[in-house]
Amino acid sequence: MIMVMNVGLKWQLNIMVIIAGVDEAGRGPLAGPVVAAAVILPNSYNLEGLDDSKKVAPKKQSQLFVDIKHQATAIGVGVVAAADIDKTNILQATQQAMKMALGRLKPRPDQAVIDGHELPTQIIPNKGVIKGDQTVDVIKAASIIAKVTRDNMMEQYDIIFPAYGFRKHKGYGTREHMDKLRLNKACVIHRKSFKPVASAMPTLSWLRKEDGIGQWGEQTAAVYLLERGYEIVAMNVHCDPYGEIDIIAEKDGIITFVEVKTYSKKQLGTPAQNIDQNKLKKLEAAIHKYVVDMQVKKDIFLDVICVYLKPSVPMFEHFKGIRLEA
């Protein structure tokens with residue numbers, strides 16, 4: 001799709017070009033990823049109320065998100081997780097997310113306009129536009145895509161980490177968030193390189209003292225699944241009298257029930273070594289009760305994830321595909 005956009009820029013050649021708009025969401029929060037979006041719009045589009053996402057009410061954002069998805073020539077999204085932000089810094093992580101978003105566009109744009117400052121070391125020629133999310137439609141559209149995508153991710157994280165209120169504040173440093181950070185200490189998706197978080201990071205010894213090793217492992221496993229395309233349906237579901245299901249997730253129309261085994265010392269093994277037959281029977285009974293109570297009609301599987309909590313980066317062993325009868 002060829003398009004011409006008047007964005008107040010002078011290009012070397014006066015030719016028709018494909019231009020992408022790029023913006024990000026999530027530079028400032030204490031938790032969660034930074035998300036960038038790149039959008040190419042067609043010559044003709046109808047996006048009523050399109051504006052900078054910060055000026056658009058949440059309900060309207062959701063509607064524009066759908067409309068842009070339907071009308072855009074191409075959309076690319078880049079996500080850089082909190083752990084990767086900590087490895088560099090938020091500026092480099094934001095630029096990385098923008099490059100990822102641009103790289104996922106098909107067709108590839110001839111040029112890009114970036115909200116704020118230009119993107120260095122990028123093979124696609126680009127130009128920064130100060131307050132571009134208020135003046136340039138393709139940047140406004142990218143702003144909406146990035147914001148709603150990130151908000152949806154934070155709502156998933158709220159299921160995994162209900163103690164922090166991520167659904168409400170989306171990881172920003174509100175008074176409520178700071179109070180909960182002091183009370184609960186930081187979780188897996190907090191940015192430990194950010195000053196308020198650094199002083200609230202839990203240690204393995206603290207987790208043992210608070211009997212929190214198991215919960216930390218389950219939450220870490222849920223983030224692991226989320227980053228691999230699963231939707232987290234529920235956590236720690238009690239199915240009396242049979243016990244608890246650690247994680248319920250969905251991917252590609254399949255419901256997966258996950259049993260998590262967590263270790264703070266390396267002793268990973270096979271599922272047979274970690275779950276005896278009595279435990280397996282209770283799990284199957286709990287799953288069957290959930291399936292009946294919730295009227296689940298999809299294929300169902302039981303997975304086991306073993307999590308080894310190291311002081312730095314956790315290790316995982318994911319045993320997939322014990323198919324169960326609904």
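Here are some questions and answers on helix packing, pockets and backbone details in this predicted model.

Residues are numbered from 1 along each chain as its sequence is written. Local features need pLDDT of at least 70 and side-chain atom pairs count only at pLDDT 80 or more, while totals for chains, interfaces and linings use all residues, and side-chain values use heavy atoms, with hydrogens and water left out.

Q: At roughly what angle do the axes of helix 1 and helix 5 cross?
A: Helices here are DSSP runs of H or I with at least four residues, and strands are E runs of at least two, numbered from the N terminus. Axes are lines fitted to C-alpha atoms, for helices over the stretch in contact, and angles run from 0 to 180 degrees between N-to-C directions. For helix 1 (residues 58-71) and helix 5 (residues 137-160), the axes come within 9 Å and cross at roughly 115 degrees.

Q: Is the crossing of helix 1 and helix 5 left-handed or right-handed?
A: Take the near helix: turned anticlockwise from the far one by less than a right angle it gives a left-handed crossing, and clockwise a right-handed one. Helix 1 passes helix 5 in a crossing that is left-handed.

Q: How many charged residues does the contact of helix 1 with helix 5 have?
A: Contact means heavy atoms within 4.5 Å. On the helix 1 side are residues including Phe65 and Lys69, and among those they meet in helix 5 are Lys147 and Asp151. Nonpolar covers Ala, Val, Leu, Ile, Met, Phe, Trp, Tyr, Cys and Pro, charged covers Asp, Glu, Lys and Arg, and the others, Gly among them, are polar. By class, this contact of helix 1 with helix 5 has seven nonpolar residues, three polar and, for charged, three.

Q: Is helix 5 roughly parallel or antiparallel to helix 10?
A: Helix 5 and helix 10 (residues 213-226) have axes 10 Å apart and pack at about 155 degrees. Under 35 degrees counts as roughly parallel, over 145 as roughly antiparallel, 65 to 115 as roughly perpendicular and the rest as oblique. So helix 5 runs, relative to helix 10, roughly antiparallel.

Q: Which residues of helix 10 make the contact with helix 5?
A: The crossing of these two, helix 5 and helix 10, is right-handed. Helix 5 brings Gln156, Tyr157 and Ile160, and helix 10 brings Gln219, Ala222, Val223 and Leu226.

Q: What is the volume of the largest pocket?
A: On a 1 Å grid over the protein atoms alone, a pocket is an open set of points with protein on both sides within 12 Å along at least five of seven lines, and lining residues have an atom within 4 Å of a point. Grid points are joined across faces, edges and corners, and a volume is the space filled by probe spheres (1.4 Å probe) set on the points. The largest pocket has 43 lining residues, with Ala83, Val188, Val223, Glu227 and Pro314 nearest its centre. Its volume is about 1200 Å³.

Q: Which helix gives the most to the lining of the second largest pocket?
A: The second largest pocket has a volume of about 390 Å³. Its lining has six nonpolar, eight polar and nine charged residues. With four residues, the element that gives the most to this lining is helix 3.

Q: Which residue does a cis peptide bond join to Asp240?
A: Omega for this cis bond is about 5 degrees.
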